[in-house]
Amino acid sequence: MNRYLLFITRRERIVTPLWILSIFSSLLFFTVLYPTLIPTAEEALALARTMQNPAMVAMMGPIYGIDAISQAIVMSQETLLWYLIAIALMNIFLITRHTRTDEELGRVELLLAQPIASKTPAIAPIIFALIVNIIIAFFSACGLLIVNLEGTTLCGALAFGAAMGVVGFFFAALTLLLAQLFATTTGVVTAGLSFLGGSYILRAFGDLQESSLSLYSPFGLALKVQAFYTNDLWPIGIILLPAVALIGLALLFNHVRDHGGGIIPQRAGRAHAPKSLLSPLGFAWRLSRGVMIAWGSALFILGLSYGSVIGELDTFVQSNELMKAIILQGGPNTLEDGYVALIFAIMAMVAGIPVMLSALRIRGEELRGRSELIFAQPTNRIGVYLPFLLIAFIESILMTVLLALGLVLGSANILALGEMICYGFAYLPAIWLLGGIATFLVGVLPSLTSLIWLLFASSFIITYVKQITQVPSWLSALNPFELIPRVPIEPFKAKPLVALTIMVALLVGGGLYRYERRDLD
Amino acid sequence: MIRILLGIIRPTRGEASIFGLDVYKDRIPIHARLAYVPGEVNLWPNFTGGEVIDLLVGKERLDRKRIDYYLDLFELDPSKKCKTYSKGNRQKVALVAAFASPAEVFILDEPTSGLDPLMEQRFQQAVKAKHGEGNTIFLSSHILSEVQRIATAVSIIKKGRIEETLLIDEHSNLEQFFYESDGV
């Protein structure tokens, strides 16, 4: 057992420390922001009041300790849930890696040929996870004590860390059980992530209704710790009990089931392709839909959360001159217009990512050695590529609409849907330009397709930095998003949009022309 | 060289044709009558084997009976995701798709690597049947005994050039021929 643990430790010498480091450094990074964000008690109270609106409660959990508000309480209320999710993810992946994945790839079989007990491959990973979670809990508590926000107490920091550690351990135990139930890595990870998502949503509903529903979710329970306020420890105990039970059940199942199999029989996939898959468009859709759905829901949720603060914009900005300056951009605008313009300037770029991914996907097929199979078919290359570009085009519109819809719903209809969609559509030519450049690279400079990410990253950084300080004009010229009028705080101009669209047509045309003719890798 | 025959890359020098058509310019009409099994079979991890087979055979050429026949012959379960297949099973997916296509020319690149001896035998059976129906099978292989058993003509390629070509029957000794031509 000891040697098995050492063996896991050795295999984890890179990934787990990276997880620990990123959780710890983001905790430090976000915690040190609070003294600048809410320097005084009034500001802390104002922010806490903003957090009381339903959308925020649904997203980050219930606000507590209004009567004894401090930076530490606001920080804990706003951030703890995100660390809980991060640590839950880490544990799901960690346990899956060392149980089902190893078994699926035949590594466990190799190890079981050694003189070890048959349950060791199930027990060792959970012990490893326990140690890792204790380390993270300890580091987090130390981090909070080091930053020492106003209102920080030893008990609070320990409660905060313990909540993280215990939620992590719960998800490790859960995953250990799932690894016995499902016979594939995908099955285990999907079930684990679904449980995570379900727990989050259950907690959101429970917190909104202020009902006991939250107590059935590990996240909801962990937030009941109320770090830096009541510092309750009973939720920790309540999460530990089912975790131990899950491990017991997992070990029992591990004992009964066949090696390589799962308790739940595997569902057979389709033996034949559905008709829809056999058309070039159906094929492109099948390869793109995962990203499209994930990105679409992400943009919708981001829209919801950005929209939800619209009503409280005044209270939010009142005390923060810097933020006010960023939003107003020095013009005679209303706060609301400035805020909406800012959101679109940044989110339009995020919406461009799936568009670029779709335009690049055919290059991925080439790099993964599948273009030989595709093009041994009696199809021309443009016929295969065009559907991907069509999907990219649809994505550009869909993402914008979902973002606008999220904003409107989040704002409780303060914003008008038609207007928001129009503002979003103003950015479409810039998004298309990203897709157009990607297509051009795939056709003309296939070995340099990753340049598109460099361009995208620099555009993103320029847009971001520009909100705070001046950027030299030659640098701005590198950013296609600069050409877009910043509606609604700038008047709408059609000329740059038409020019961009013509450029996109030329880039796509050139890319497709060369793709039909060039040698494939 | 096979990638040139498929019109995926262009030759630096020389030209190639199949059915009297240029392999690059006329690749689409050629591919309508051709089936291909790559040396290294890379499939879409989230598609099932059956889905890939249908996709590779193509909507117009789909013949369920023929597919089922070759699935049986190679004992392949088409309902599994490609990422769960072993190398041999991925090879089988490509073989079933190729043999189930109504092609006249079959280009097979090292098609038996990863197959067990029984499956290798089934493969030879399928090749012989296709040949018997009057089709051309283009096989690239390092396994001389396999070539000896199924080929009617052999070319040895060295550094991109055809070194020797030989028509073979049951009496020819391929191995001797191979080492004499120094084509190791």
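# A tour of chains A and B

Select chain A: buried residues (under 20% relative accessible area, with a 1.4 Å probe and protein chains only) make up 51% of its 521 residues. This is a predicted model, in which local features need pLDDT of at least 70, side-chain atom pairs count only at pLDDT 80 or more, and totals for chains, interfaces and linings use all residues. Residues are numbered from 1 along each chain as its sequence is written, chains are lettered from A and ligands numbered from 1 in written order, and side-chain values use heavy atoms, without hydrogens and water.

**Chain A, whole view.** Color by secondary structure. Chain A has 22 helices and zero strands (DSSP runs numbered from the N terminus: H or I of at least four residues for helices, E of at least two for strands). Its radius of gyration is 26 Å, close to the 24 Å from the globule rule for 521 residues, so chain A is as compact as a globular protein of that length. That radius is taken over C-alpha atoms, and the rule is 2.2 Å times the number of residues to the power 0.38. The C-alpha trace spans about 70 × 65 × 40 Å along its principal axes. Among contacts (heavy atoms within 4.5 Å) with a separation of 6 or more, 77% join residues 24 or more positions apart.

**Val384(A).** Go to helix α17, residues 381–410 of chain A, and pick Val384(A). Its relative accessibility is 7%, so Val384(A) counts as buried. Show its neighbors: Val384(A) touches Ile362(A), Ile374(A), Phe375(A) and Thr379(A), leaving aside residues up to four places away in sequence.

**The nonpolar patch.** Select Ile201(A), Phe205(A), Leu213(A), Leu215(A), Tyr216(A), Trp234(A) and Ile238(A), a nonpolar surface patch with about 700 Å² of accessible area together. Helices α9 (185–209) and α11 (234–256) of chain A each give two or more residues to this patch. Patch members have over 30% relative accessible area and no salt bridge; nonpolar side chains (Val, Leu, Ile, Met, Phe, Trp, Tyr) are joined within 5 Å, like charges within 9 Å. Areas come from the Shrake-Rupley method with a 1.4 Å probe; for residues, only the protein chains shown count as cover.

**Lys130(B).** Switch to chain B and find Lys130(B) in helix α6, residues 117–132. Lys130(B) is buried without a salt bridge (a Lys or Arg side-chain nitrogen within 4 Å of an Asp or Glu carboxyl oxygen). Glu133(B), the nearest side chain of opposite charge, is 4.2 Å away. Lys and Arg count as positive, Asp and Glu as negative; His and the chain ends are not counted.

Key. Buried means under 20% relative accessible area, exposed over 50%, partly exposed in between (1.4 Å probe, protein chains only).
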